[in-house]
Amino acid sequence: MSQRLVSFDKIGIDFDSRVLLDNIDMTIDAGEIVTLIGPNGSGKSTLIRILLGLQEPTRGKVVRDKGLRIGYMPQKLHIDPTLPLTVKHFLALVRHVDKKNILPTLEKVGIAHLLNAQVQVLSGGETQRVLLARALLNNPNLLVLDEPVQGVDVNGQVELYNLIEGIRNELHCGVLMVSHDLHLVMAKTDTVVCINQHVCCSGSPQHVTGHPAYQALFGIPGADESIAIYAHQHDHVHNEQGSILSDDDDAHSHCSHQEKS
Amino acid sequence: MLEFLIRALLGGLGVAAVAGPLGAFVVWRRMAYFGDTLAHSALLGVALGFLFNINLNLAIVVLCVGLAAILVTLQKKQIIATDTLLGILAHSSLSLGLVAVSFLDNVRIDLMAYLFGDLLAVSQTDLYWIYGGGILVLTLLVTFWKPLLAVTVNEELAKVEGYPVEAIRLLLMLLVALVIAVAMKIVGVLLITSLMIIPAATARKLSNTPIQMATISSFIGCLAVCGGLWASYRWDTPTGPSVVVCAALLFIIAYSSPFKRRSA
C-alpha cells in the first residue's frame, strides 16, 4: 500500500451563499496519478486552491501528510512586460533552491536551451515546461498541475503527458492533474475523479467513462470516436436523491461546441 | 560651490538612489497609482505632525502605513474597483490635508514646498533623515530581495513555496511609505511618484535582469537630480519640477534611441 499524501474529507465551499463545492472526498497516494475532470465552472480550480492552502474550505478538512511538499504548476503565467526576467532568474526564485539544480531540471523537461531566454517571449508549450521545472525545483512529493497542457497543440500535449508520467516514475511522487477532457490523459491516469460541484463519479478511467454520470457530462465514449474529441455538456440537473436528470440530449448534439484542440 | 547647492545635491542623490529600485517594484506591480495615493496623504501627515507636535517624518510614515493598511482591507472586501478606491482615497486625503493645514493658525506652512518640493531648502537634519531612511530602505531591499521579487512575479507560486506573502506585501508598502516620507522634501507630494516610476521605466529599456533594472534606475534618478538642479540654478526654475522634467527627457531619449530593448 502506497503512502497516503492527501485526503479530502467532505470538503465544501460557499461563495455568496452559492455552493461551489460540496461533500468532496478524494485521496492521493504517492506514485498515483489522479486526474480531476469536470466542465468549466465545476469547481476544479477551487478544489486545487484548497489543497494548496490558497483558499479555506467552508466545510470539511484536508488532511495532508506531514512530509508533504507540493510542486505547483499554475494554469498560466502572467509576468508584467516591464519586468525583465530570464528563465534562469525565474527559477532561481524558488524558495531554498539549490541553483546547481536549475540546469539539470531544465534538461529534464527538455528546454535547457532556454536558460537565458526572457520568460515573456516563450511559447505556450515552453512556458508550461518552465512552470513544470519550477514545480520540480521545489523537491515535491506531490505535483499539482492545473490544466498542464493549456495552449499546447495535440502533439505537444502527448509529449507533456509522457513527460509527466516519466517524472512520476522517476520520483515516485503523487500527481494531481486538472483537465477538462479525458481523451489524451486517459492512458496516463490511475484514477479519474469527475466533479461538478460534487464528486459525480471516480475510479479507473475505464470505470469512469462507463459511468452514467460521466456520460451525462461528457458524452458516451466511442460514440464519436472518429472525432476523438469529446464535446462537453456543461451542466446537468439533479433530482432530490442526487442522481442526474437526463435532459434527453444525446452526446452528438453537443459536438457543435467542441473545444478547440 | 555654494553650500546649499551641495546639500541639495547630496539630498537629491540620496533620494534618487533609493527611489530607483523601489520604483522598479512599483512599476512591476503596477502600483503607480497606489504610490500616488500614499504620497497625497503625506500632506495630512504633515498637518497632523504639526497639530500633535510630533516629528513630521514620523507622522508621514505612520499615516502612509495606516492608509496602506486601510487600503488593503477595503480592497479585500471588494466593495468597489481598486482604481476608484485609490482615486477616492488619494484626493480625499489630499483635500483633508489641505483643510487640516488651514486650521493651523499659529504655524506658517510653506504649502508650495510640500506640494512641489524645495530641494534648495534641504537642511543638515533633512540630510540625516534622507541618508538614515535611505540606508534602512536599501538594507531591507537587499535583505529581502528574493522574497520581494518572488511575490512580485507570482504570489500564488510564492505562497505554495512557503514565502510569507502577506508579510512581504506589507514590507513593500512600508518601504514605499518610508521613501515617500524622505522624498517629500525634495520633490513634494504631487511629484514623488514620478521620481520612482520615470527612472525605473527608463531603466527597463536598458536592462535584462531585475537587478540591472533596479541599479540602472538608481543611476538614472541621480542623473535626473543633477540635471534638474543644474537647470534650476542656471535658469532659476523650480527645483522639484525641473528634476521631473529632466527624468522625463531621459525617458524620451532612452526610448527614441535606435537600439532595441535587450532580450535574449
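A:K10 sits in strand β1 of chain A, which covers residues 4-15. This is a predicted model, so every value I quote is computed. The phi of A:K10 is near 50°, a positive value, and the residue is not a glycine. As background, most residues other than glycine have a negative phi. Is A:K10 buried or exposed? A:K10 counts as exposed because it has 12 C-beta neighbours inside 10 Å, and the cut-off for exposed is 12 or fewer.

The other angle to look at is in A:N139. Phi there is also positive, about 50°, and again A:N139 is not a glycine. Where in chain A does A:N139 lie? A:N139 is in the loop between α4 (124-137) and β6 (142-146) of chain A. With 15 other C-beta atoms within 10 Å, A:N139 is partly exposed.

Now the contact between the chains. Chain A puts in 24 residues and chain B puts in 23. On the side of chain B that touches chain A, the elements giving two or more residues are α1 (3-28), α7 (145-153), α8 (155-160) and α11 (210-235) of chain B. Sorted by class, that side of chain B has 11 nonpolar, six polar and six charged residues.

Next, the core. In soluble globular proteins, nonpolar side chains tend to be buried together. Here the largest nonpolar core has 152 residues. Which of them touch the most other members? They are B:A42, B:C64, B:V179, B:I180, B:A183 and B:L195. Helix α9 of chain B, residues 165-187, supplies the largest share of this core, 14 residues. Take B:I180 as an example: apart from neighbours within four places in sequence, B:I180 is in contact with B:L38, B:A39, B:A42, B:I60, B:C64 and B:I192.

Last, confidence in chain A. The average pLDDT of chain A is 80, and 82% of the residues score at least 70. Where pLDDT is low, the predicted coordinates should not be read in detail.

Notes: Residues numbered from 1 in each chain as written. Chains lettered and ligands numbered in written order. Helix = DSSP H or I, 4+ residues; strand = E, 2+ residues; numbered from the N terminus. Buried ≥ 20, exposed ≤ 12 C-beta atoms within 10 Å, placed from the backbone. Contact = placed C-beta atoms within 7 Å. Nonpolar A, V, L, I, M, F, W, Y, C, P; charged D, E, K, R; others polar. Core = buried A, V, L, I, M, F, W, Y, C linked by C-beta atoms within 7 Å. pLDDT = per-residue confidence, 0-100.
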